[in-house]
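Trainee: Please take one part of this model and go through it closely. Then set that part against the rest of the chain.

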Amino acid sequence: MHIDEYERQQAHYAEFARTVAGVLTAAIKRAGGYRLQVVTHRAKDAISLRNKLVDRDVADSGTIEEDIKDLAGCRAIFYTNADVEKLLGSGLVEDNFEMLERKVHHPGIHPNESSRLYTANHYVVALKAERLALPDFAHFAGLRCEIQLHTILNHAWAEVEHDLYKAETLAPNFGERERQAIKERMQRIALKYLLPAGYELDQVVRDLDRLEQGKQLFDQDPLATIAQAADNNARYAAIDSFAEHVLPLYDDPASVYLQVLQTLLQAATAARDANPVPIQTPYGVFEGKRFEDIVELVARVLSRYRYLDVDRTLQAACELHRLAHTPAEQKPVHELAQALATPHLDIWRDHGPDVQQRLVAQIGNMDDAALRENFALLTIVLEAVLGTEVRSTTASSAAITLHRGVIPGSPVLRALRVGALAQLERLFAHAQDDGERYRVFAAMGQAAQPPYGGASSRELTAILIGNAVALIEFATNIVGVVGVELARRLEERVHRYFTWYHTVRPDLSDDVELKAQTAKVVAATARFRARLASVGELEIYKTLVGFDSVFAEDWTQPDPTFEEVEQLRTERAAQLLDEVNADNFVAWLDRLERFAATKSDDLATFPKFAQFLEAMAMRFPDLMLAHLPRITGDLARFRFKLLVGLMQSSQAEATRALLGQWLERGEHLGEVSWLLVAAKGAPLELYRAVLAAAIAHDDPEAIKDLVRACAMNFVPGPDAAERQAIFLAAVEALVSRGDLTWVTLGGWFSWFRSELVRALDDASARLIAAWLVALPKVDTEADHLVGSLGMGRPQVVLEYLDQRVAHARDHESEDYIAVPYNLHDAIEVLMAAAPSDVLTMLRGWFDADDASLDYDARSLIKAVFRDFPDPFRENVLRLLGSEKRPDVLFALELLSAFEGHAPVFDLVREAVGRWGQDAEIIKSAQWALAQEGGTSGVYGRAQALQAKQAQLQDWLNDPRESVVSFATEWLRKLDSVVAEEVRRAQAMQAQRRTQFNEPPLEDDPPSPKPDPE
């Protein structure tokens, strides 16, 4: 169509634009929820069109309907950016029109560097076929209309900017300087006012929506909704909604805090005995909320408002603590108590230790029953009160800043700490065992703890030293009446205080008062050590049990090395063993029984003790064998070490006979199987006997101990094959019962580069790998095992992964991950394999999965060939050079794993150049280049896409038309995608900045990052 023809049909285009505007307006109103001002429409002005054609040097074009996309146009004008974003994501335009093209106009990552700040979203559309089939619309067939989405602010700016654009046709040497000044002013308006105002207005709308939502909930009496909730699901939702949308909007939250507390505590009480109700969703049935969830939410809400009423918050914490029965339920309550009592920088700056004084006073008013009932919680509170640091956090849109400082010393602080220690002494009196007693004493120790965040002042140092003296004196008073383990731990604590304060810090060495205080520390420590000497068996106990004990040498030799301490304990253990004889043997067993009663989940507590038992059994085998039946209780946990010693003694044969009787009867299987783990040289016949007994008496744990023993104690030698056979038989016994837990045995055991596994023959390695196929997920230990199986024989790993993929294909399950994403050892094996072997495996998956590879397979490719090695590149080039389409498609699928990194572009370019007319290959080439990896930063994805654009620019110089055409189309698409991504990132960043009352736009946006490739 020529311009003259358009002038004759302009009214027809105007009618078409009006029709499109009507359809769009109706669709927006029908959808609801938009703040739409108006949808304008027009046909392009003929004079303006002629000028535009002249500017483009197509004044005589006969195809202006193809050259100019907005002959018919309409503009939907909204109040806010959020409305535009909502419509863009709704699919409303696509649902109501045939979309021919979409383009995003945005000034880019750096608006202040952009030559044009026009911001809008453009669609080029036609009427859908079903509408054109109607008589009233048939005459619009073949017409296109441009739809623009604008905010009111952008619309006003765009209208003026359009007039500025028309001003470019001024006469030569006339008005250009003025036009440039106007253009610069328009730039300033957009940057300083327009863009920020749009984002600020968005935040106002969000705030208004939040206020309206809160008001609606407020009018529905949200506290009553919480109280009347039918189950924990409804209860959780009501509390969460109230805390998120109502409570923050109270002008004076303190006025309702008591009512809120009472309601939340009633809700927690009701939740205590409520049974979980499954949550039905369109995606399946999920576990309902439990008391643990309710108490965690309630504690989180109270923590946020804890300072509104300190006394009542502590009362509420105590009430929640009484309701909580398990550690998981108690954890959020303990965290609430700690947050309440820990000195907060802002509160301390304004009110000093008022919060901590209130807490200590409130605890002081509690009776003995309340102290006992809230023992653990109050210990946490008082420990936090004694802290020497104040902390707080501030947040901005870009960071969370942690602030910390040291509390200054003062008479008020001294009195506070004396009061807190007095209440801890009351708690100590209510402790029911030595574990609780030590927990209280450890909390008291916070009173002497130097600050971590800086040096204490002179005044604070005096307080700390005085507190240390009080603690040492308290320890002296109790050390004679506590158990031996607590006595040991008290000594460790007192030694710590002595180390800190037996001399004055160099920068305070001129302080006479502090020197006098440190002298008190030395004197108090001497009295403690004298009292400690009266604790019977303590020196023996320290030698055999624990790892952080204090010995006489430690008081004069600071910080001995671990090796020095171990050597000392070893020598003393040998001296103790020399003291054992037939006359005191039973007394020693009784003593060791008492020592074994120590409760500890630290693996470093008993190694020396166990070694002593083994040595004692070796030295006195007759006595130990005779007394073995009477070893029960806590010492029975270590019976395996006695057996290890007996197996190395003159009574080894009698011990084996006893073990044979136990195994035959199925007794003590766990102890005997663990004996194999602990005894390096146990005979093969004992391994066989344990395996037979464990299978006969159906004891899988004993079989797993045997598996562990085989792996840990394997030594290449004449009997290696027999040991491997026992190992395989044990594993097979577990596999036959569907038990694969032997793969992850724990307890310092690992399959990492296992000598036993690496020594297996290929057939055995393949057998174990086949057993591992059933594992739903390959965790770290399974990866270690697979890696060990594949060392020196990568084909085993290739076959294993192949079998997992086949298993997944035949047994569909959401829980089964065929190609694990967290492989490491197995990947190292595959990296050593021939690339052609790996590619052969992948080609099998590709062919079996409709010419595609899933995400896990692509992750495997990227991991194995992460450095894009030359042999891999050569194999890909060979595939791309093939005349067979499947080979080329497979090569492109391989390249898609590298997420569009630089080496991919050259290879894809060759495919496009050779197969430019093949739609499927072009689609695969697009897929390979479209993949994206992880990015960082607000504009990380946009910058990664820009790097792809830079890679494609060179394609425009390629002599092959197919390459140029591909690049031209992709660059056009990327322009739109980059603009949309920048707009999204800028809007997201602006939203976050306005939430923190910061200017929406950064003063100095980041520069584009260089391509990492």
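Mentor: His668 is partly exposed, with a relative accessible area of 30%. That value sits between the cut-offs, since buried means under 20% and exposed means over 50%. Keep in mind that the model is predicted. His668 belongs to the loop between helix H30 (652–665) and helix H31 (669–678). Its backbone deserves a look: phi is positive, at about 50°, although His668 is not a glycine.

Asp850 counts as exposed because its relative accessibility is 73%.

Helix H2 covers residues 46–55, and its buried residues are Ala46, Leu49, Lys52 and Leu53. Why do these four count as lying on the same side of H2? They cover an arc of only 115° around the axis, so they share one side of the helix. An α-helix has 3.6 residues a turn, so residues three or four places apart point the same way.

What does that buried side meet? The buried residues of H2 pack against helix H1 (3–31) and helix H3 (64–67). Now turn the helix over. The face directed away from the buried side carries exposed residues: Ile47, Val54 and Asp55. Ile47 also takes part at the start of the helix. Asp45 caps the N-terminal end of H2, with a side-chain oxygen 3.2 Å from the backbone nitrogen of Ile47.

Ser754 sits in the loop between helix H34 (720–736) and helix H35 (755–759). At 7% relative accessibility, Ser754 counts as buried.

For a buried helix residue, take Val707. It is found in helix H33 (residues 700–712), and its relative accessibility is 0%, which means buried. Leave aside residues up to four places away in sequence, and Val707 touches Phe727, Ala730, Val731, Leu734, Trp742, Leu745 and Trp751. Val707 and Pro450 are 257 residues apart in sequence, and their C-alpha atoms are 49 Å apart.

Two cysteines are worth checking too. Cys318 is buried at 3% relative accessibility, and Cys710 is buried at 6%. The count of disulfides is zero.

Last, the whole chain. The protein chain holds 47 helices and nine strands. Buried residues account for 49% of its 1013 residues. Its radius of gyration is 39 Å, whereas a compact globule of 1013 residues would have one near 31 Å. The C-alpha atoms fill a box of roughly 125 × 75 × 60 Å along the principal axes. Of contacts between residues at least 6 apart in sequence, 75% join residues at least 24 apart. The chain exposes about 48,500 Å², and carbon and sulfur atoms supply 52% of that area.

Key. Residues are numbered from 1 along each chain as its sequence is written. This is a predicted model: local features need pLDDT of at least 70, side-chain atom pairs count only at pLDDT 80 or more; totals for chains, interfaces and linings use all residues. Side-chain values use heavy atoms; hydrogens and water are left out. Buried means under 20% relative accessible area, exposed over 50%, partly exposed in between (1.4 Å probe, protein chains only). Helices (H or I, at least four residues) and strands (E, at least two) are DSSP runs, numbered from the N terminus. The arc is that of the directions from the helix axis to the C-beta atoms. Contact means heavy atoms within 4.5 Å. A polar contact is a pair of N or O atoms within 3.5 Å; within protein, one must be able to donate a hydrogen and the other to accept it, and residues adjacent in sequence count only if both atoms are side-chain atoms. The radius of gyration is taken over C-alpha atoms; the globule rule is 2.2 Å times the number of residues to the power 0.38. Accessible areas come from the Shrake-Rupley method with a 1.4 Å probe; for residues, only the protein chains shown count as cover. A disulfide is a pair of cysteine sulfur atoms within 2.5 Å.
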